[in-house]
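Here is a short tour of one protein model, written for someone who likes to know what sits where. Have the view open as you read.

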Amino acid sequence: GDRAQWRRLLQRWLVAHAQRALAAALLDAAVRHGFSYRTMSVRRQKTRWGSCSTRGSISLNLCLLFQSPAVLRYLLCHELAHTEHMNHSARFWRRVEQCEPQYRVLDAELLRTGWSRVPRWVLERA
């Protein structure tokens with residue numbers, strides 16, 4: 001195949017891998033820290049790392065696979081904390097801190113270098 005076909009194939013594999021890997025990591029974090037959520041989905045987004053709906057559905061960006069394990073743990077805790085607090089209030093941040101005491105440093109790392117860790121081909125459209 002041509003370059004675009006190989007990229008599409010690799011992107012499909014990456015989504016399937018992210019579904020398994022991120023689902024396992026999210027479940028582990030939820031159990032470890034006493035959270036519950038309804039569903040989890042994986043998307044390939046250019047602007048958001050994750051989101052949580054008011055119904056407890058968590059969406060994670062497959063680009064999280066390219067982040068450090070500590071940053072991934074932080075982001076999972078961040079989204080799981082939204083299952084209890086649908087805002088960024090002081091109570092929300094205290095709950096995040098219970099899970100990930102270094103959340104400030106990890107959040108800054110994600111903002112500063114997160115997208116630079118993602119290979120360009122991951123976000124390219126076919």
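## The largest pocket and its surroundings

Helices α2 (69-81) and α4 (103-113) each supply at least two residues of the lining of the largest pocket. Before going further, please note that this is a predicted model, where local features need pLDDT of at least 70, side-chain atom pairs count only at pLDDT 80 or more, and totals for chains, interfaces and linings use all residues. Residues are numbered from 1 along each chain as its sequence is written, and side-chain values use heavy atoms, with hydrogens and water left out. Helices (H or I, at least four residues) and strands (E, at least two) are DSSP runs, numbered from the N terminus.

The largest pocket has a volume of about 190 Å³. A pocket here is an open set of points on a 1 Å grid over the protein atoms alone, where a 1.4 Å probe fits, with protein on both sides within 12 Å along at least five of seven lines; lining residues have an atom within 4 Å of a point. The volume is the space filled by probe spheres set on the points, which are joined across faces, edges and corners. Helix α2 gives the largest share of the lining, four residues. Among the lining residues are Y74, L75, H78, E79 and D107. By class, the lining holds six nonpolar (Ala, Val, Leu, Ile, Met, Phe, Trp, Tyr, Cys and Pro), three charged (Asp, Glu, Lys and Arg) and three polar residues (the others, Gly among them).

Two residues can be set side by side, using buried for under 20% relative accessible area, exposed for over 50% and partly exposed in between (1.4 Å probe, protein chains only).

The C-alpha atoms of D107 and L75 are separated by 7.9 Å, although the two are 32 residues apart along the chain.

Which residues of α4 are buried? They are Y103, L106, E109 and L110. These lie on the same side of α4 because they cover an arc of only 125° around the axis, taken from the directions from the helix axis to the C-beta atoms. They pack against α2 and α3 (90-99), contact meaning heavy atoms within 4.5 Å. The face turned away carries the exposed residues R104, V105, L111 and R112.
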